[in-house]
Amino acid sequence: MHEPTLLWTTTAHWLAACCFAPVLAHLHIAATVDSPGEIARYFMITAVQVAIVALLFRPMESRWPVERWTDRRHTAIDRSYTLIKLFGVLPLFTYLVLSPLTSLLGGGGDDAAGLFSLQGGIPWLARHPVLLFIAYYAVYDFVYYVVHRLQHAIPWWWALHSLHHSQRQLSCWSNDRDHYLDDLLEALIVAAVSLLIGVAPTDYALLVLSGELLQNLDHANIRLRFGPVLEKLLVDPRYHRLHHMRVDPERPQLHACNYAFIFPLWDILFGTALFGEAARPTGVGDPMVDADNRRGIVAQQLYTLRRFWGAVRCRAGWRPGDVAFSEDFVPVAVADIDLRQLEASQTPLPASRAGYPGDREPAH
Ligand SMILES: [Zn+2]
Ligand SMILES: [Zn+2]
């Protein structure tokens with residue numbers, strides 16, 4: 001065995017035997033939870049991913065920034081969100097909720113066969129693991145695309161998702177800045193579909209993780225684009241930054257674009273793709289949402305919940321369309337708001353922008 005492989009396996013065995021097995025035994029859940037070895041593998045992959053973000057993406061932000069910042073004050077909170085999600089929320093959900101639930105329902109295992117199992121429906125796919133993985137991935141990414149469209153279209157869901165968009169300093173840590181209720185809704189939908197098509201619960205966390213690194217890169221403040229061909233196949237930083245653009249009062253629909261997470265194909269098929277537009281400042285024009293930037297994690301979670309509660313209780317919270325929030329957390333249609341006046345009343349936007357190679361000039 002090669003030395004790095006041996007080191008990896010030895011560490012995994014050690015972590016499994018000395019850390020996870022005793023904890024599972026202590027909690028009396030060893031029988032319902034995946035093997036300690038699986039959990040050790042998850043944490044080791046996560047540690048490598050966080051190291052790539054910290055040691056590669058982060059220095060690239062300093063070397064080739066799209067936006068030049070005098071400080072990185074607002075990025076620290078997003079780093080905390082990432083560490084809490086990857087080392088806490090996601091493994092807890094996967095190993096303590098999802099896999100016991102699946103074994104309770106009689107599913108899971110290596111031969112996981114969902115109701116609409118891809119292997120079952122298209123048997124030759126089972127003989128081509130790479131194609132099978134891409135097929136799983138395509139379904140998984142499409143479900144995310146649909147969920148993401150709804151997060152923007154339904155006001156009570158936007159009340160939650162707007163926390164992700166309120167960040168003015170979008171960085172390599174911003175991917176996991178989410179409301180935990182939003183995360184839970186999203187995870188339940190995506191995990192349910194994954195199980196239906198036959199993804200084993202142990203593979204669910206790995207499926208999420210493998211998309212995570214690309215999404216960390218896509219939020220990064222790096223002047224990187226994949227080029228005219230590859231950018232149509234795989235979401236790149238320029239593409240996702242356009243999704244985060246703050247509303248342009250002159251072109252109020254421009255920001256309704258680029259919802260895809262991994263494959264731009266979904267945006268191209270459904271007419272929501274935007275390529276080649278100059279990078280605009282990120283964030284949300286609505287002052288009630290922009291105020292998230294002055295709060296810590298607990299306050300952000302609570303205020304977002306108040307927006308959600310204000311929206312979910314009234315009819316306007318269920319009527320599809322762009323909304324902002326009044327001071328008593330009631331959704332107000334953006335069509336009824338003077339966006340130019342709103343923009344003029346906001347804190348000036350930061351950042352000299354270097355833009356991406358190949359960008360169009362800004363429209364004003
Ligand atoms: Zn979004
Ligand atoms: Zn994002």
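A residue counts as buried if 20 or more other C-beta atoms lie within 10 Å of its own, as exposed if 12 or fewer do, and as partly exposed in between, with C-beta atoms placed from the backbone. The model is predicted: local features need pLDDT of at least 70 and side-chain atom pairs count only at pLDDT 80 or more, while totals for chains, interfaces and linings use all residues. Residues are numbered from 1 along each chain as its sequence is written, and chains are lettered from A and ligands numbered from 1 in the order in which they are written.

**Figure 1. Overview of the protein.** The secondary structure comprises 14 helices and four strands; helices (H or I, at least four residues) and strands (E, at least two) are DSSP runs, numbered from the N terminus. Of the 364 residues, 37% are buried. Among contacts with a separation of 6 or more, 71% are between residues 24 or more positions apart. Two residues are in contact if their C-beta atoms, placed from the backbone, lie within 7 Å.

Figure 2. Helix α5 (residues 129-153) has 25 residues and spans 36 Å from its first C-alpha to its last, close to the 36 Å expected at 1.5 Å a residue; the expected span is 1.5 Å times one less than the number of residues. The buried residues of α5 are Y140, Y144, Y145, H148, Q151 and H152. The axes of α5 and α6 (residues 155-165) come within 6 Å and cross at roughly 100°. Axes are lines fitted to C-alpha atoms, for helices over the stretch in contact, and angles run from 0 to 180 degrees between N-to-C directions. The two helices α5 and α6 are therefore roughly perpendicular, given that angles under 35 degrees count as roughly parallel, over 145 as roughly antiparallel, 65 to 115 as roughly perpendicular and the rest as oblique. At the contact, L150, Q151 and H152 of α5 meet W157, W158 and H161 of α6. These residues divide into three nonpolar, three polar and no charged; Ala, Val, Leu, Ile, Met, Phe, Trp, Tyr, Cys and Pro count as nonpolar, Asp, Glu, Lys and Arg as charged, and the others, Gly among them, as polar.

**Figure 3. Helix α6 against helix α13.** Helices α6 and α13 (residues 297-312) pack at about 170°, with axes 8 Å apart. They are therefore roughly antiparallel to each other. From α6, the residues P155, W156, A159, L160 and L163 meet Q300, T304, R307, F308, A311 and V312 of α13. By class, this contact has eight nonpolar, two polar and one charged residues.

**Figure 4. Two loop residues with positive phi.** N258 has a phi of about 55° although it is not a glycine. N258 lies in the loop between α10 (237-243) and α11 (265-270). N258 is buried because 24 other C-beta atoms lie within 10 Å. F329, also not a glycine, has a positive phi of about 65° and is found in the loop between β2 (323-325) and β3 (331-333). With 19 C-beta neighbours inside 10 Å, F329 counts as partly exposed.

Figure 5. A12 belongs to helix α1 (residues 3-26). Is A12 buried or partly exposed? A12 is partly exposed, with 18 other C-beta atoms within 10 Å. Leaving aside neighbours within four places in sequence, A12 is in contact with G37, A40, R41 and M44. A12 and Y42 are 30 residues apart in sequence and 9.5 Å apart in space, C-alpha to C-alpha.
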